[in-house]
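Here is a short report on one protein model.

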Amino acid sequence: MFSNIGVVGAGAMGSAISQTVCDNTKKVLLYARRKEVVDSINETHFNREYFPNIRLEDNIFATNDLNDLKDAEVIFLTIPSSKMREVTRSLKDIISPDCVLVNTAKGLEKQSQKRMSEVIKEAIGRPACVLSGPNIAAEMVERTFSSASIACEDEQYLDKVKKALSTPKFKVSASTDVIGVEYCGIIKNVIAISQGICEGMKINDNARFSVFTKTYNETKDIIEKFGGSRKTVDDYCGFGDIITASTLTVSRNHTLGVLYGQKIVIDEEASGILFEGKNTIVIMKDLCKKHNIDCATVDFAYDVIIDRINPKEAFNKFWDKL
């Protein structure tokens, strides 16, 4: 039993992680930037902005002061990849030397093209753990059956995080393949968009899942090229997460693809919705070029989302590569 587990980011996933770990710790401290969110959670035990009908467990408390996390034994970072370096730098002089940071963001830093575990290690000077899987926050917050893969180069950290997360309903697989686990979550965003485009175009199911087969194998090729293990793609972080994001409407990136497949362009600034996968497409296109990797899935998503090529024209080009 832990004494204190922290969660940074009181959005949907932050609330879901808090609910998941609450049985394994005396206290969960959930950090939110806005005071009104903190007050709502502490006064009512509801995160009304995300889950107005689901009561958070009694040992979950909110704060808007990162310094309150000084005693946390494990801290889950449920924030966008664009904020990771800034936040972890702020935490460096607050957290204890034994505290383990766990990243849940499935993206790459735009400027450096680095994975989040690399960003965190640069910021705090020690390894971070990464978490990825078929994690639908709206289900996790209700404490239903779920699973995730975690990875860290330090096996002691890995064991600590597994103990923090594991419950009879939440299954955790652990490995040291940080590259594989992280890139599964990153590439998954691109796959979800590509499958959404196909759905938006009303591509027939035979063709859509023929494309998916190539996409799945390309994921293994890319991860192996980057230094990860092909086998990792068959774990919760790979197959499970890819299927979830590519077929269910709860995935923002899948929804983005559907809209572009229907030739509907989203103004992200006006909508206030962050599509992590859009930046990922640009970075993955560049990384594939640098590493001399031929990836039809990345090319297809880039053609439609970034270059705004007609989806039918882009799909025909994609189909020719099968």
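## Rings and strands

Phe315 is buried, at a relative accessible area of 7%. Buried means under 20% relative accessible area, exposed means over 50%, and partly exposed lies in between (1.4 Å probe, protein chains only). Trp319 is partly exposed, with a relative accessible area of 37%.

This is a predicted model: local features need pLDDT of at least 70, side-chain atom pairs count only at pLDDT 80 or more, and totals for chains, interfaces and linings use all residues. Residues are numbered from 1 along each chain as its sequence is written, and side-chain values use heavy atoms, with hydrogens and water left out.

The whole structure holds 7 aromatic pairs. Rings of Phe, Tyr and Trp (its six-membered ring) pair if their centres lie within 6.5 Å; planes under 30 degrees apart are stacked, over 60 edge-to-face, and the rest tilted. Two of the pairs are shown here.

| Pair | Centre to centre | Angle between planes | Type |
|---|---|---|---|
| Tyr216 and Phe239 | 5.8 Å | 90° | edge-to-face |
| Phe315 and Trp319 | 6.0 Å | 25° | stacked |

Tyr216 lies in helix H8 (residues 205-225) and Phe239 in helix H9 (residues 236-247), so this pair ties together parts 23 residues apart in sequence. Helices (H or I, at least four residues) and strands (E, at least two) are DSSP runs, numbered from the N terminus. Tyr216 is buried at 12% relative accessible area. Phe239 is partly exposed at 43%. Ring pairs also link Phe209, Phe212, Tyr216 and Phe239 into a cluster.

Phe315 and Trp319 share helix H14 (residues 311-319). They sit 4 residues apart, about one turn of the helix.

Now the sheet. It is open and has 8 strands, in the order S3-S2-S1-S4-S5-S6-S7-S8, with mixed pairing. Two strands pair if DSSP finds at least two bridges between them. The edge strands are S3 (60-63) and S8 (170-175), and each pairs on one side only. Strands of a sheet pair through backbone hydrogen bonds, either parallel or antiparallel. Strand S1 (residues 2-8) and strand S4 (residues 74-77) run parallel, joined by 4 bridges. Val7 has Phe76 in S4 as its bridge partner.

Helix H4 (residues 116-124) packs on the sheet. H4 touches S4, strand S5 (100-103) and strand S6 (129-132), where contact means heavy atoms within 4.5 Å. The direction of H4 makes about 150° with that of S5. Axes are lines fitted to C-alpha atoms, for helices over the stretch in contact, and angles run from 0 to 180 degrees between N-to-C directions.
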